[in-house]
Amino acid sequence: MIAALFSEWLKLRTTRTIFWLVVALSALMTLIVVAGVIGSQKHSISGAKNQLDMLGIGSLGIFIALIMGLIVSTGEFRHGTITPTLLATPSRTSIVIAKALAGMFFAVALVGLAEALVALELAIALPAKGVDFAIQAGPAAGLIGRVLVAAALWGALGSGIGIVIKNQIGAVVGSFAWLFIAEGLINAILHSHAINSNAGRFFPFQATGAILNSGTRDPQLLSRAGGIAALGGWMLLFTIAAGVLLSRRDVS
Amino acid sequence: MIAVEDLCKHYGKTLAVDGLSFTVEPGHVVGFLGPNGAGKTTTLRILLGLVHANAGRATILGKNYAQLERPFCQVGAVLEASGFHPGRKARNHLRVLARAGRAPEKRVDEVLATVGLEGAAKKRVGGYSLGMRQRLALASALLGDPEVLILDEPANGLDPEGIRWLRDFLRSLAAEGRAVLVSSHVLSEVEQTVDEVVIINKGKLVAQGKIEELKRGRDGRVRVASPQAKALEEKLAKAGFAVSEDGEALLVAGATSAEVGEIAAKSSLVLHELTPLATQLEDVFLDLTSEEKK
């Protein structure tokens, strides 16, 4: 298991995919922070709460964490490296767990880097605009901690989805179609008068919203702990499904 | 060392492997032969735990591949020359496998040198030729310094020099007491490399044994050229021999050159060539697999 995990770690570090994901994430963060600071009135970016909201921009890295998790698994099928991987680690359960952990660790590293970059850019851009940098360490740590928890779960969830779906393009398109279209649509239907259900709170994107929630009471969201449990449940569900499917599949 | 017993595998209604049994002993290079779709690759993948058998057993060193203590270091395998991330450097590909398979990392440079890729070790695999990929696949198989090697078409993409190197290399591995099971379509190459062959067709064992044993009892062919070829062909056919055309000459199956010469002499037919052709592995293979078709 440990050998498989270290191998997964090395796999991620020895292709240019991660480099380009870091570049894309850094460019996106910089663009949003710079545009946000330049394009906003001073009063709307002054004060700890507004600036903490800006720090939360780093949570967009969660989508990159999902993509990275998907790549960790679908890349094996896309390039045929699943064969040497299984020869080196015949325990398919170990591979699924190692990939989930690798996806988790890399997601934390990637999103942590994004948050650090956003904090640094805010520390430079805000005073340059003539606004005091007012973010306190405590609330910032709480926010970043919640973002990292969500990123870790999305990284592992992505690796599970990647083994279940196998096709890289299908997995990426399917995951984002669920996040941006299907989940919202189903949630709206569930909220309609005809059904009037709050079950949509348990969906992955809604659960992520609960984890990242700054503390304001929102009846349409779970509590933070509930959000972690729900998103963790999805992650476990897909990891177990990945384990079962990979164990049963013939690799030919 | 390698034991396949009553192995069966079907994909839907298609029977890929049908009650196959054979063994490979240490110190031997065994050729695994069969026409396309005979079930060779499926059998090798079952041996390596990549494909699940429906019945029977396929063991290496007495165990299923996944049950071996350090499978990657006990069994080396080359299955295809496409299991590489194109953006990863060759040396890193081997480091990834060494780490997962618990092989010493110092072996990475050793095996790169063994397969002659040390100069291209830092090149991304996407830029490799088919021959270089094949060498890299061989390097992966050798990483753990295994006792057993299972190679599926390892000569694919190799140039003549590479094929010769592979032949000598496989012989040297067997001389060290390792067991090598190698599937190939290049029968002339197999004949020069292996000690014995396992021939399968439609998932079933057709023959297993030393090449010389399989050749024994199989009639050879005679190549004969005559300016009166048509008349000679009629006389040979009348004598009960199967005759086919081979360019401007005739190929006579199941006859000795003496028999052909006597028939020609009795009919006063002039001969320009009379060459006995030794039975090749290819002849044995085609005979056995075509008998199966019948």
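Mentor: Strand S8 (residues 196-201) and strand S9 (residues 204-210) of chain B run antiparallel and are joined by six bridges. Strands count as paired if DSSP finds at least two bridges between them. The model is a predicted one, in which local features need pLDDT of at least 70 and side-chain atom pairs count only at pLDDT 80 or more, while totals for chains, interfaces and linings use all residues. Residues are numbered from 1 along each chain as its sequence is written, and chains are lettered from A and ligands numbered from 1 in the order in which they are written. Helices (H or I, at least four residues) and strands (E, at least two) are DSSP runs, numbered from the N terminus.

Within this pair, Glu196(B) has Lys210(B) of S9(B) as its bridge partner. S8(B) and S9(B) make a hairpin with two residues between them, and Lys202(B) in the turn has a positive phi of about 50 degrees.

Chain B as a whole has eleven helices and 13 strands. Its C-alpha atoms fill a box of roughly 75 × 45 × 35 Å along the principal axes. Of its 294 residues, 44% count as buried, a term that requires 20 or more other C-beta atoms within 10 Å of the residue's own, against 12 or fewer for exposed and a number in between for partly exposed, with C-beta atoms placed from the backbone. Among contacts in chain B with a separation of 6 or more, 70% link residues 24 or more positions apart; a contact is a pair of residues whose C-beta atoms, placed from the backbone, lie within 7 Å.

Consider next the open sheets of chain B. Three strands, in the order S2-S1-S4 of chain B, form an open sheet with antiparallel pairing. Strand S2 (14-24) and strand S4 (55-60) of chain B are its edge strands, each pairing on one side only. From one strand to the next, the twist averages 25 degrees; axes are lines fitted to C-alpha atoms, for helices over the stretch in contact, and angles run from 0 to 180 degrees between N-to-C directions. Strand S1 (residues 2-11) of chain B pairs with S4(B) over five bridges in the antiparallel sense, and Cys8(B) has Ala55(B) in S4(B) as its bridge partner. Helix H1 (residues 40-47) of chain B packs on this sheet, where it touches S1, S2 and S4 of chain B, and its direction makes about 115 degrees with that of S1(B).

Another open sheet of chain B has four strands in the order S11-S12-S10-S13, again with antiparallel pairing. Strand S11 (242-246) and strand S13 (273-277) of chain B are at the edges with a single partner strand each, so one side of each lacks a neighbour in the sheet. The twist here averages 25 degrees from one strand to the next. S11(B) pairs with strand S12 (residues 249-253) of chain B over five antiparallel bridges, and Val243(B) has Val252(B) in S12(B) as its bridge partner. Helix H9 (residues 229-238) of chain B lies across strand S10 (221-225), S11 and S12 of chain B and runs at about 5 degrees to S12(B). Helix H10 (residues 257-266) of chain B also packs on the sheet, touching S10, S12 and S13 of chain B, with its direction at about 155 degrees to that of S13(B).

Chain B also meets chain A: 30 residues of chain B are in contact with 25 residues of chain A. On the chain B side, helix H2 (71-74) and helix H3 (90-101) are the elements that give two or more residues. H3(B) supplies the largest share, seven residues. That side divides into 14 nonpolar, nine polar and seven charged residues, where Ala, Val, Leu, Ile, Met, Phe, Trp, Tyr, Cys and Pro count as nonpolar, Asp, Glu, Lys and Arg as charged, and the others, Gly among them, as polar.

In chain A, helix H9 (residues 204-212) has Pro204(A), Gln206(A), Ala207(A), Thr208(A), Ala210(A) and Ile211(A) buried. The buried residues of H9(A) pack against helix H4 (61-78), helix H7 (137-165), helix H8 (168-191) and helix H10 (224-248) of chain A. The axes of H9(A) and H10(A) come within 7 Å and cross at roughly 145 degrees.

Key
Contact = placed C-beta atoms within 7 Å.
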